[in-house]
Amino acid sequence: MKKVLTIAGSDSGGGAGIQADIKTISALGCYASSAITAVTVQNTLGVSGVHVVPTDIVEAQIDAVLSDIGADAVKIGMLFSADIVKAVARQLKAHEITSAVLDPVMVSTSGHTLFQSEAVTTLISDLIPLARIITPNVPEAEVLLGGAKITEGSQLPEAAKELSQRFGVSVLLKAGHIEADTLVDILYCAEDLQLYELPALRVDTPNTHGTGCTMSSAIAALLAKGFTLPEAVKGAKDYVNNAIISGANYSIGHGHGPVNHFYQLPNNSPQILLSQ
């Protein structure tokens, strides 16, 4: 069985973070293990608090998993501090991880800081070079580009290519923050030097909480199963899009609800789930 380690924060609401990662990895047929970097006080209305796990405990979790279970791919999400970034980098090097998917989580949808600003430099210098692919949204890409503004979908291809060339890593630049009916995510693949457009219609639903976590975890799971990077990204895009469509009519919480991670299971549909 292919194995994926997720290194990320816990979402008490279950829609994002470690919880979304484990659901996604399991739904795509891999074994999920985890290293928790922070415990968030969170629901569908937003994040109201963060308790950061001590760095030595974060590092020990990673080492415990990789030294015993191992991982065919690693997904990295919320890290919060420069010390945790360095600890993750040390473990990736020590265990010779070559398929790491880095989702540079910085700020929650509700505006809560999930990454210290002084840690960005460490992320760029220590961790991004160890990743196979990074999956920033538009605000995260703007930070990584030093503050350049991205307001139009037409800017995404050049921004993705610039990020890739600047950091020597493949880049999936997500278009969710662009105002458009058709959202076109851009993959610039450093492995074949090709640019791929991944279009999808915007779904009219508030249930989009955790889509970034879900996307990066899906990529990691498909890489673990042996797909090429373009294949894994395209497959992950399809998985997330179908999970959004399938969960569009959920009524979970009073804010941004989760996607339907298990839409592929037999007899699993929004209608059945809502009737239970």
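Strand E7 (residues 170-173) is antiparallel to strand E8 (residues 182-189), and three bridges join them. I note the pairing rule: DSSP must find at least two bridges between two strands. Strands (E, at least two residues) and helices (H or I, at least four) are DSSP runs, numbered from the N terminus. Leu172 has Leu187 as its bridge partner in E8.

The model is predicted: local features need pLDDT of at least 70, side-chain atom pairs count only at pLDDT 80 or more, and totals for chains, interfaces and linings use all residues. Residues are numbered from 1 along each chain as its sequence is written, and side-chain values use heavy atoms, with hydrogens and water left out.

I then checked the other partner of this strand. Strand E6 (residues 133-134) pairs with E7 in the parallel sense, over two bridges. Ile133 has Ser170 as its bridge partner in E7.

Which way do the residues of E7 point? Ser170 and Leu172 point one way, Val171 and Leu173 the other, and all are buried. Buried means under 20% relative accessible area, exposed over 50%, and partly exposed in between (1.4 Å probe, protein chains only). In a regular strand, side chains alternate between the two faces of the sheet.

Next I looked up Tyr31. Tyr31 sits in strand E2 (residues 31-43). Tyr31 counts as partly exposed because its relative accessibility is 40%. Leaving aside neighbours within four places in sequence, Tyr31 is in contact with Met1, Lys2, Lys3, Val4, Ile25 and Ile69. Contact means heavy atoms within 4.5 Å. Val4 is 27 residues from Tyr31 in sequence, yet 6.1 Å away in space, C-alpha to C-alpha.

Then I turned to the helices. The axes of helix H1 (residues 17-27) and H7 come within 8 Å and cross at roughly 40 degrees. Axes are lines fitted to C-alpha atoms, for helices over the stretch in contact; angles run from 0 to 180 degrees between N-to-C directions. H1 and H7 are therefore oblique to each other. Under 35 degrees is roughly parallel, over 145 roughly antiparallel, 65 to 115 roughly perpendicular, and the rest oblique. Gly17, Ala20, Asp21, Thr24 and Ile25 in H1 meet Cys213, Thr214, Ser217, Ala218 and Ala221 in H7.

Last, I checked H7 (residues 211-224) against helix H8 (residues 229-246): the angle is about 140 degrees, with the axes 8 Å apart. That makes H7 oblique to H8.
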